[in-house]
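Me: Could you walk me through how to read some features of a structure? I'd like the general idea of each, and then the case at hand.

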There are 2 protein chains.
Amino acid sequence: MGAGAEQAWNKNKIEIGILGLGVVGSGTVALLQRNRAEIERKIGLPLHIKRIAVRDVDKNRAVEIDHSLLTTNAFEVIDDPEIDIVCELIGGVDPAKSYVLRALRNGKQIVTANKEMMAKEGSELMEQAASKHLDLQFEGSVGGGIPIIQPMKNALAGNRILEVIGIINGTTNYILSKMTRERAEFLDVLKEAQDHGYAEVDATSDVEGFDAQYKIAILASIAFTNRINVADVSVEGITRIAAPDIQYADELGYVIKLLGIAKRTADDRMQVRVHPALLPKNHPLAATNDVYNAIMIKGDSVGDVMFYGRGAGSGPTGSAVVGDIMDVCRNLRFGSTGRISCTCFDSKPIMAIEDVVSRHYIRMVVQDKPRVLSAISGVFGDFDINIESMVQKTVQGKQTDIIWLMHEAPSKSISEALKVIKNLDVVVEVSNWLRVEE
Amino acid sequence: MGAGAEQAWNKNKIEIGILGLGVVGSGTVALLQRNRAEIERKIGLPLHIKRIAVRDVDKNRAVEIDHSLLTTNAFEVIDDPEIDIVCELIGGVDPAKSYVLRALRNGKQIVTANKEMMAKEGSELMEQAASKHLDLQFEGSVGGGIPIIQPMKNALAGNRILEVIGIINGTTNYILSKMTRERAEFLDVLKEAQDHGYAEVDATSDVEGFDAQYKIAILASIAFTNRINVADVSVEGITRIAAPDIQYADELGYVIKLLGIAKRTADDRMQVRVHPALLPKNHPLAATNDVYNAIMIKGDSVGDVMFYGRGAGSGPTGSAVVGDIMDVCRNLRFGSTGRISCTCFDSKPIMAIEDVVSRHYIRMVVQDKPRVLSAISGVFGDFDINIESMVQKTVQGKQTDIIWLMHEAPSKSISEALKVIKNLDVVVEVSNWLRVEE
């Protein structure tokens, strides 16, 4: 009970080693340098950055740094017996995971902002850390500087979490916000975002939803105290969102956002999914625009709480990393590392996306002929799908856009109904199908 | 260095004693009962409520409770040698403070949701706790269930906090929201809120801003690592807000909210104040309506982060208290109580409200005569106050409402200018003067 007593702190300062000095690493180092006196006053011990591993020691950095601290050899950080905390700020699974495992074997405390590694390999790493009573903190892996992981593990920990729903990818939120404001098309806005550096040259991980997939997997695993197999988290990006969808959503009182969603259903099954969805304009998340992130949590006692802030960037993510470092320092000082370790007690499977019940938005192009509506609505009826509302728009000549809002139905029913509807003579195309969240 | 080792945990469960079983106490007990298994799994030890002190053991409670746990004698909780954590959920300074002091002398860990006691007597209590390496947690004292104190002390702790601005009183926010929606007058809405139980029969502490004053004093003391003398926090309630103010604010693109504000100025002086203010409609806090609270924090690294949720009530505040209890339990288990203690390192004074510089809104009634505007604007000019905009409204007959928006000016200048303006022949009355926040 309590690894604490075995590990009481007997050094006169805490030595930090850092892997990676990119966007997050620079923000972390800059903050540790700038607010060092206050940080040390709060943790009650001096802090010292001993070594930083980088790919290129001669590269110009956003932060002023003593060049003698830099090394291209990560093992000079990981294997240095004097280093207490290793901050892994490289990103990606390989080689980050092997570095972290080795650092844990060496008895180092770990702070990371690596969402992909934590989502895919978190279980193994957390188990390894727990078995040695070591800290492994990862606040910076979700939501940039927004405190979300610590509050879920601490202040909200008494709640049974019913739902986590968040805008957790800044790039796609920037693109969708701009598409909404300017009625622009996806590819044009993406190109502009890339030109301005708001989106990466290879934006796949963002626009296809993988970045959000990692993050919601992490949040769901904490919310449900359950291991989440990231490959089981269904994911759909924003590449199919077209200007008319945003236009029609707006007319119906909605905005389109890429959401990460983790829900417990009434019969206690878990949904974890990423997809664009229509969100009512008066929803607390709906006003979250541009690179901002926001995460809403529903607990059985607290009700709805929302956390909002910059979801990425040097300063915000650096803030999260330094917060974690300070938490680890306090644990080192008090001999209480491993104080809050892995809480993934269960390994229940999540629901298949086909079984997820929600409201739906469907946009299609049809021939402007009699009986079109009855033919289509007849098919929806065959699949027990109830129509909430329908709007017809004359687009050009003999073709009409029809926008349907459906009452709650399983995705599977919609998918099967649309297969039939696509083959109706009068239907030119089913242009899009999106979920509607409340 | 590390009281931890001295106090390693050697009991097979953690015993909790509770003082007060009102709104917050019931929410706390209900949550501990409902989610007990999950809570114990997370903290790694069994929890047991041993004793609850109440005023009336026979009163009907919102929570089902074994009557043998109840006592009317608080000392049966405070002095029970088996009790590890005392939850003070009575509220007010007297006798809560004396109970907490005695419990600390007895070596108990403390969890409280008592804003008035923490704002007025927090320094003494925190010092007492720190000297004995005991925990004294108070997440529930501000923002109900919204995690705010823990995040400021942990995840955001690396930041130099530049600003805290919040809607931190649910009753006044409910009243102002309703006045805004229904264009109703303050006294009518207050009466209705009292009839419905949303406001207390004696609503003084809420409507005069004292409740918000306690809360912003607590937040400022953490944000600035500085003791805040609550009596120095200038406070102004919402009783002077009239329907025309809300109407004119709306026309100008603002909403009126009661704000708690803590700011560092460019020359590193601290402002801590509570008053109603005009807030632009696109401000992230502006959409916080009814009983919801929201707190925005600006850190030098993280930028703006916002926390939103229910600011009061049994479930939300119970959530915060249970989160604190779990934090203390983890510290007990690891021998790390007192791990994050008082961070009020400094005792610098805060700025006088007269010196606070902000934009201003002024509403007055004047005679509809020539040269009125030049007379009034001449006085503003004499006091170096620059006019941003002015709107004249013909109200009735020979009298006109004038609404002024002023560029930044010290409160003192406005106050002195208004003294002169009141005495001008053409001025019927200065109806209201409010600050404008960005």
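Reply: Let's start with a proline in a loop. Pro95(B) lies between strand S4 (85-88) and helix H4 (96-105) of chain B; helices (H or I, at least four residues) and strands (E, at least two) are DSSP runs, numbered from the N terminus. The peptide bond leading from Asp94(B) into Pro95(B) is cis, with omega near 10°. In chain A, the bond from Asp94(A) to Pro95(A) is cis too, with omega near 10°, and Pro95(A) lies in the loop between S4 and helix H4 (96-105) of chain A.

Me: What should I know about where these values come from?

Reply: This is a predicted model, in which local features need pLDDT of at least 70 and side-chain atom pairs count only at pLDDT 80 or more, while totals for chains, interfaces and linings use all residues. Residues are numbered from 1 along each chain as its sequence is written, chains are lettered from A and ligands numbered from 1 in the order in which they are written, and side-chain values use heavy atoms, with hydrogens and water left out.

Me: How do I read the confidence, and where is pLDDT under 50 in chain A?

Reply: pLDDT is the predictor's confidence in each residue, from 0 to 100. Chain A has a mean pLDDT of 95, with 98% of its residues at 70 or more. The stretch under 50 is residues 1-7 of chain A, for which the model has 17 contacts (heavy atoms within 4.5 Å) beyond four places in sequence. Where pLDDT is low, the predicted coordinates should not be read in detail. For the model, the scores are ipTM 0.95 and pTM 0.96.

Me: Which backbone angle stands out at Arg183(B)?

Reply: Its phi: Arg183(B) has a positive value of about 50°, although it is not a glycine. Arg183(B) is found in the loop between helix H7 (170-182) and helix H8 (186-196) of chain B.

Me: What is the strand order in the open sheet of chain A?

Reply: Two strands pair if DSSP finds at least two bridges between them. In chain A, six strands with parallel pairing run in the order S3-S2-S1-S4-S5-S6. The edges are strand S3 (70-71) and strand S6 (136-137), each pairing on one side only. Within this sheet, strand S1 (residues 14-19) and strand S4 (residues 85-88) of chain A are joined in parallel by four bridges, and Leu19(A) stands opposite Glu88(A).

Me: How is an interface sized, and how much area is buried between chain A and chain B?

Reply: The size of an interface is often given as the accessible area lost when the parts come together. Here the buried area (1.4 Å probe, summed over both parts) is about 5,000 Å², of which carbon and sulfur atoms give 54%. In terms of contacts, 61 residues of chain A meet 61 residues of chain B.

Me: How many salt bridges are there between chain A and chain B?

Reply: The count is six, a salt bridge being a side-chain nitrogen of Lys or Arg within 4 Å of a carboxyl oxygen of Asp or Glu. One of them joins Arg34(A) to Asp300(B), with the closest N and O atoms 3.0 Å apart.

Me: Which strands pair across the two chains?

Reply: S12(A) and strand S12 (residues 303-310) of chain B pair in the antiparallel sense over five bridges. There, Val305(A) stands opposite Gly309(B).

Note on methods: Buried area is the accessible area (1.4 Å probe) that two parts lose on being put together, summed over both.
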